[in-house]
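User: Hello! I am new to this structure and would like to learn how to read its features. Could you take me through them?

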Amino acid sequence: MNILRFMKMTNRNPYKTCSLAAAMIFILLNSSVFGQSIYGSFGIGELRYFSSVRAVGMGGAGLAVRDPIAQNQLNPAAWVTVDNVSYGCGMRFEGIRFNQSSRSNTSNHAALNTISLAVKPASNLTISGGFRPHTDSDFEIYSKTPDYTRVIEGSGGISIGYFGGAYSVNDKVALGINYLYYFGADFESWLINFKDDDFVDTASNLLRHKKGQGISIGVTVMALPRLHLGGVFFSEAELKTEKRIKTAAQSQQDIKGPDIKVPYSFGIGFSSEVAPRITFAGDVFRWQYKNLAYKGASGQNYNNSTRYSAGIEVSPSEMDEAGLFRKLSYRFGGYFWNLYSPDIDGSSVTEKFLTAGMSILFNEKKTRIDVGFEGGIRASKSKAVGSEKIARIYIALVGVEKWFVRR
Amino acid sequence: MKSYKAVVVLILGIFVFISANCNTQPAQFDNDEIPFKDIINTVVSSNAYVDSFLVYVEEGNRGLSPYIFLGEFSQQKCSILLRFTNVPDSVIVQSATLTLDPFYVYGSPGAGFTAAIHEIASAWDENEIPDISYDPVAAASFVVDPSADVMDSVVIPDEIVQGWVDARSDTMLSNYGILITFSAADFAKQYLAQTGVTLTLRYSEGETEETLTHRPTADTYIVEGQKDFYPDFLVSNFGCHRIIMRFGFPAIPEKVVINYAELVMKLDTDNSFIGPEEMQGFSVYRIDSDSWQQDELTYSENDAVVGMLDFNTDVPEARFVITQFVQGWISDAAENRGILLTSLRENESFSRYTFAFDTADSLMQPVLVVHYSLFNPF
């Protein structure tokens, strides 16, 4: 309904515009293959850090950003500013160009990123639920030996479904708590193709279902009139796994897998409106993944991971009569991330990204299309491992509605 | 709203560009050194050895052999049976000469030996092991030349051949052929069974005389001697010795994928005798029966695996790729009933292939080299 209103408001042919959007989504989805980052093959996969598409434009910094329209996916305490009912859904498109010596590979990935709904039944209480990605495990790896070529393909990941509430203690302090349900599966195909035709090639498949529970608690504090602080803590989670194995010599077999201990993580952030319509934000988030453990199984070493992000948001004008470009919000930022994947010298593989974003408000400023861009490099010190140039686009439709108000 | 359209086109353009740059060369590493992945699918090599075996003798169907033998070698006495039912009808036999074209001579003969022709008195079938009776009085005799380059010939008495002619028109008469045997010989001579045996027949029909040659319509040979003379782990063409063996797989887990399984049989050349055949090889069959008793033994002939003797290695050896056999045994241990090893040239020569088994040299023992894949995800 809001889209149609927007079309009418802008004198656009809604059917033509919808067709264009549908064509765009079709092309994007059709071009999607696995993201295929070799880093996705490590541990429980490639970690995703996502607060909101608005935050994406500011380097991902959003722990202290309280948004009246879009929900904060990381810090439940930030929900207190939601106006009545807030909804949102978004997609993520990712392109990875992998470079290794003289070899390169480009892959695209499109995925539903988030769905969320928040309801404010009382002035100081907000409840919300939704889901967001926690890890992705999409990869394809070749390994050559004198006797055979190994091909490993993987897909899947872990998502988090959440349900929780935020309570506004007073005008300055808000608390939030979330029940987290970790769920997902990763599929791995292992092929061994022998050079000698007399050898029988091997194809083995593994499907690992994972599920577990945890909680997160968050806080936002208005430290100064123009300065908000935010913090969040994610508890340790125990993921139960069930693996389904199929090889040429054995039919499908379901076995209990080893439990995975996902260590706790936490982050702090700030946001400051340094001038009207200009906001600075910054986050530091820490995953204690040195203690990540596949109980009694994998012998991999993990590093603790820290992500530093900062960005700025500029909204030139809030006037209705302003031109389109002046009514948009613009964001710029960047982040530096020490991943939990160890490099050849034991330090972490790093990500360095620049980000940008913008928002289009419509429907009497109750609905927003947020777009975020991320572009950067994930690189190992080892030339044999190589580097990845990554571009991501996040698109989300977020809005607020009056659902429970007597008219 | 042109700007709105421009943004959409820009986003679309970026992804079309990325898609257009796709290729198919993902990350690649050498020697399974993948930095971010536990290898849960490994290829393992393991050797398996014989845990039980049996050697038995199969008489076989000598009638199908392309060769016939006359004489004695390795304490095996061979006599030839021939039958000609293709002689002309209603003719008068003037003379008949049997010529035998040799292929090889076994032994180190100093001089020839005397062979005798006997008329067979009972029916026989070349597809079975003949048990015949014959006239003990020799109808003719000849000296078998010790050279493989010299053909042997003997004149068959006219009355015997005339009997074969008359038997064609008189069903009361029989044509059982002739037996060529001997009393003592210090070598054995191998002849080509079909193309090497010629009966040259001169006969008259009315006023005309003609000479025609005939090949035998049935040929085989019989063997006398101690059948299981060699107690070794051997396969022989003449006898014929066959090996049954079963391998144990204590080191290989159940339900793994067998990538490759090769049986290596190293020849004990000191205790073997290699005949003149150019290609010498063996067949391996999967045994289907639980019993190894000779009269109860069954095996699948459809999936036989052939391996040829390779003399270009340090120790001559035969190799057999029996991956499918081993996969079946590993998937279901009850299927492991053993394999049967036979010569490809049974009844075709005196070759005898001895394989080292009960020896301290483990490298000489028959070994089954198995490569298998373990898939052990945590």
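**Cysteines, loops, a patch and a helix**

Analyst: Let us begin with the cysteines: the count comes to zero disulfides over all chains, where a disulfide is a pair of cysteine sulfur atoms within 2.5 Å. Please note that this is a predicted model, in which local features need pLDDT of at least 70 and side-chain atom pairs count only at pLDDT 80 or more, while totals for chains, interfaces and linings use all residues. Residues are numbered from 1 along each chain as its sequence is written, chains are lettered from A and ligands numbered from 1 in the order in which they are written, and side-chain values use heavy atoms, leaving out hydrogens and water.

User: Why is B:C78 too far from the closest cysteine sulfur for a bond?

Analyst: A disulfide is a covalent bond between the sulfur atoms of two cysteines. The closest cysteine sulfur to that of B:C78 is in B:C240, 11 Å away, which is too far for a bond. B:C78 is also buried, at 0% relative accessibility; buried means under 20% relative accessible area, exposed over 50%, and partly exposed in between, with a 1.4 Å probe and protein chains only. A:C89, at 37%, is partly exposed.

User: What is the phi of A:R277, and where is B:K255 found?

Analyst: Most residues other than glycine have a negative phi. A:R277 has a positive value, near 65°, and lies in the loop between β13 (265-275) and β14 (278-287) of chain A. Strands here are DSSP runs of E with at least two residues, helices are runs of H or I with at least four, and both are numbered from the N terminus. B:K255, also not a glycine, has a positive phi of about 60° and is found in the loop between β16 (241-247) and β17 (257-266) of chain B. A:R277 is partly exposed at 34%, and B:K255 is partly exposed at 40%.

User: Which element gives the most to the nonpolar patch?

Analyst: That is β7(A), with four residues. A:Y181 is in this strand and is partly exposed at 33% relative accessibility.

User: How many residues does helix α2 of chain B have, and which of them are buried?

Analyst: An α-helix has 3.6 residues a turn, so residues three or four places apart point the same way. Helix α2 (residues 158-169) of chain B has 12 residues and reaches 17 Å from first C-alpha to last. Its buried residues are B:I160, B:V161, B:Q162, B:W164, B:V165 and B:A167.

How values were computed. Expected span 1.5 Å × (residues − 1).
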